[in-house]
Amino acid sequence: MPLKNIGKTILKIQKKTKQIIIYFDDETNISLHIDVIDAFSLSINQTLSKEELKQIISFSNKSILLEYALNLLKKGHYSENRMKRKLSNKINDDIAINFVIKKLKEFDLINDSALIEEYCCYYDELKYGQNKIISKLKEHELNEKDISKISFPISLEKEKAVSLLDSLSNKYDKYPLNMKKKKIYSA
């Protein structure tokens, strides 16, 4: 009988569509990403050490999070902070999350400065003012230091305000003059 625990022996490997379930001799099982079977040559009656098991679980977490992140990015743009939050809600593994974020940045799938520029152009077209644009950018969980770098020219802000004046005046016609002024100023 060995003096130390040499690891776990695989009794059964069950393949499903996007995952595999590995059953061990100590009556435990783990569910892993399907890519694990290709990356590690796993077979029945193979004994895995604790270190090998950690590597397999880490690889599986990275694969699951990368697939999840790519599915999220198919639906829309995400800031780095928002993507980190979404990934940590899925699996709480900081090493895997940082790996996925690094890969997404490497392939330019997450780019906060480009996202800020895109949102600013979009909100400028909607004639949003400086304060509303900043609050909208914060809603998208963009970095405060990146948001503070944005410049809002006074002439452009005045132009937006003047162009909205007629529509705001019509919108608040039903109010008395003083209330109408307050509503227009706040808008």
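User: What makes the link between the side chains of His 33 and Glu 67 a polar contact?

Analyst: Please keep in mind that this is a predicted model. The side chains of His 33 and Glu 67 are joined at 2.7 Å, and because a polar contact is a pair of N or O atoms within 3.5 Å, the pair at 2.7 Å counts as one.

User: Where does His 33 lie, and which residues does His 33 touch beyond its neighbours in sequence?

Analyst: His 33 belongs to strand β3, which covers residues 29-33. Leaving out residues up to four places away in sequence, His 33 touches Lys 18, Gln 19, Ile 20, Ser 60, Ser 63, Ile 64 and Glu 67.

User: Why is His 33 called buried?

Analyst: The relative accessibility of His 33 is 6%, and since buried means under 20%, His 33 is therefore counted as buried.

User: Why is Ala 96 called buried, and where is Ala 96 placed?

Analyst: Ala 96 sits in helix α4, residues 94-106, and its relative accessible area is 0%, so that Ala 96 is classed as buried. Apart from residues up to four places away in sequence, Ala 96 touches Asn 61, Lys 62 and Leu 65. The C-alpha atoms of Ala 96 and Ser 60 are 9.1 Å apart in space, although the two residues are 36 residues apart in sequence.

User: How do you know that the aromatic pair of Phe 40 and Phe 59 is edge-to-face?

Analyst: A pair of aromatic rings is described by the distance of the centres and the angle of the planes. The structure holds 5 aromatic pairs, and in the one formed by Phe 40 and Phe 59 the centres are 5.6 Å apart with 80 degrees between the planes. Rings pair if their centres lie within 6.5 Å, and planes over 60 degrees apart count as edge-to-face, which means that Phe 40 and Phe 59 form an edge-to-face pair.

User: What makes this a link between distant parts of the chain?

Analyst: Phe 40 lies in the loop between α1 (36-39) and β4 (47-48), whereas Phe 59 lies in helix α2 (residues 50-75), and the two are 19 residues apart. Not counting residues up to four places away in sequence, Phe 40 touches Gln 55, Ile 56 and Phe 59.

User: Why are Phe 40 and Phe 59 both called partly exposed?

Analyst: Phe 40 has a relative accessible area of 22%, and Phe 59 has a relative accessibility of 30%. Partly exposed is the range between buried, under 20%, and exposed, over 50%, so Phe 40 and Phe 59 each count as partly exposed.

User: What makes the pair of Tyr 119 and Tyr 123 stacked?

Analyst: The rings of Tyr 119 and Tyr 123 are 6.0 Å apart from centre to centre, with 15 degrees between the planes, and because planes under 30 degrees apart count as stacked, this pair is given that name. Both residues lie in helix α5 (residues 112-125), 4 residues apart, about one turn of the helix, and both are buried. Ring pairs also link Tyr 119, Tyr 122, Tyr 123 and Tyr 128 into a cluster.

Definitions and conventions:
Residues numbered from 1 in each chain as written. Predicted model: local features only at pLDDT ≥ 70, side-chain atom pairs only at ≥ 80, totals over all residues. Heavy atoms only, no water. Buried < 20%, exposed > 50% of the residue type's maximum accessible area, 1.4 Å probe, protein only. Polar contact = N/O pair within 3.5 Å; in protein donor to acceptor, adjacent residues only side chain to side chain. Contact = heavy atoms within 4.5 Å.
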